[in-house]
Amino acid sequence: MQRHNFSAGPCVLPQEVLQKASQAVLDFDNGLSLIEISHRSKSFVDIMEQARSLALELLGLEGKGYKALFLQGGASMQFLMVAQNMLEKRAAYLNTGTWSDKAIKEARIFDDIVEVASSKDANYNYIPKGFDIPKDYDYFHCTSNNTIFGTQIKEFPNSPIPMVCDMSSDIFSRTLDFSKFDIIYAGAQKNMGPAGTTLVVIKEDVLGKVSRKIPSMLDYKVHIDKSSMFNTPPVFAVYTSMLTLQWLKDLGGIAAIEKENEKKARLIYSEIDLNPLFKGFAAKEDRSFMNATFTLTNDDLKETFDTMWKEAGINGLNGHRSVGGYRASMYNALSLDSVKVLVEVMSELETKA
């Protein structure tokens, strides 16, 4: 039976990427496994350079003063690194969910953090709008897509100060003017590859503004100078991410995948809105194209629905405990056909109820 992977992360990956990555584990370089070779070898250095180059190319940031890094520690490490490298006196944060809340907590270790707006009052089911970003702060931080709550920023503010964005769960999924951002970071395990590496894209001229001493492992400049090779990189995660970025380029880049993502989102949200057995969690104008969150209007149907979607080969549909219900994560490599299977099950439930 074909499996339809709606898991929120680690994510579904293209079959061709999985095949090439698995083959590389067995034999990558004349009988040597990818995870056996030296990370200083020309073979892997070329992989790292290609991955970094592809990231900038797909984001349209080549030749614009940006550097791409593949680091470790996940987006959670970036909560700390951003503050270490950028926070001198005060920073502004937009609080739209669990991960932005965690980023705020880490930044407060260093200095004064101000929440310019928050949707916590409604359990993060919307994106705040119309807030002001103070001009005398060090940077503004936001989270583009909220995996748990199924909300997504549709229009980013024109920030008068450097803008930092956690794009972990929607990186490379939609066209944006990425030059509006000074730092973008994203855990690989949503749209790029397996857990283990984190993409960080930095505009170099925003660095070097803080007076504190920064530990080497947390210093963006050190990692830039060492081309993401300051310490042993996670070779398999970087290689698989490189393959995924090449797959995306071959498809036609972000503009091409955005069209597919829009089709998937329209299909699932149409069913949620038209089927009286389901109710969407997020405000309609802020609904995520990556993570559709919804609940049953009649909890007595839960056992029946759960049995139906599992029998259809669907995996990873249960919602996060913060919201409950269900969450259909539709990352780049998830096919439209998989969404059709889910919608068919939801429609069938209506005929049975």
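Modeller: To set the terms, helices (H or I, at least four residues) and strands (E, at least two) are DSSP runs, numbered from the N terminus. This is a predicted model, where local features need pLDDT of at least 70 and side-chain atom pairs count only at pLDDT 80 or more, while totals for chains, interfaces and linings use all residues. Residues are numbered from 1 along each chain as its sequence is written, and side-chain values use heavy atoms, with hydrogens and water left out.

Colleague: Thanks! Which are the edge strands, each pairing on one side only?

Modeller: Two strands pair if DSSP finds at least two bridges between them. By that rule, seven strands form an open sheet with mixed pairing, in the order E2-E10-E9-E8-E5-E3-E4. The edge strands are E2 (66–71) and E4 (112–118).

Colleague: And what does the twist average from one strand to the next?

Modeller: Axes are lines fitted to C-alpha atoms, for helices over the stretch in contact, and angles run from 0 to 180 degrees between N-to-C directions. For the sheet of seven strands, the average twist from one strand to the next is 20°.

Colleague: Which residue in E4 is the bridge partner of Ala92?

Modeller: Strand E3 (residues 90–95) runs parallel to E4, and six bridges join them. In one of these strands, E4, Ala92 has as its bridge partner Val114.

Colleague: Is Val114 buried, exposed or partly exposed, and at what relative accessible area?

Modeller: Contact means heavy atoms within 4.5 Å; leaving aside residues up to four places away in sequence, Val114 touches Arg90, Ala91, Ala92, Tyr93 and Tyr137. Buried means under 20% relative accessible area, exposed over 50%, and partly exposed in between (1.4 Å probe, protein chains only). Val114 is partly exposed, because its relative accessible area is 24%.

Colleague: At what angle to E2 does helix H2 run?

Modeller: Helix H2 (residues 42–59) lies across two strands, E2 and E10 (198–203). Its direction relative to E2 is about 130°.

Colleague: On to the three-strand sheet: why is one side of E11 and of E14 left without a neighbour?

Modeller: The strands of this open sheet are antiparallel, in the order E11-E12-E14. E11 (278–280) and E14 (326–329) stand at the edges, so one side of each lacks a neighbour in the sheet, as each has a single partner strand.

Colleague: Which residue in E14 is the bridge partner of Phe294?

Modeller: E12 (residues 291–296) and E14 run antiparallel and are joined by four bridges. Within E14, the partner of Phe294 is Tyr326.

Colleague: Within what arc do the buried residues of H8 fall?

Modeller: Helix H8 (residues 302–311) packs on this sheet, touching E11, E12 and E14. In H8, Phe305, Asp306, Met308 and Trp309 are buried. The arc is that of the directions from the helix axis to the C-beta atoms. Seen down the axis, the buried residues of H8 line one face of the helix, because they fall within an arc of 165°.

Colleague: Which exposed residues does the face of H8 turned away from its buried side carry?

Modeller: The buried residues of H8 pack against E11, E12, E13 (314–315), E14 and helix H9 (336–352). The face turned away carries Glu303, Lys310 and Glu311.

Colleague: Last one: which helix gives the most to the lining of the largest pocket?

Modeller: On a 1 Å grid over the protein atoms alone, a pocket is an open set of points where a 1.4 Å probe fits, with protein on both sides within 12 Å along at least five of seven lines; lining residues have an atom within 4 Å of a point. The largest pocket holds about 310 Å³, a volume being the space filled by probe spheres set on the points, which are joined across faces, edges and corners. Of its 19 lining residues, the closest to its centre are Trp99, Thr147, Ser168, Gln189 and Lys190. Giving four residues, the most of any helix, is H3 (residues 74–86).
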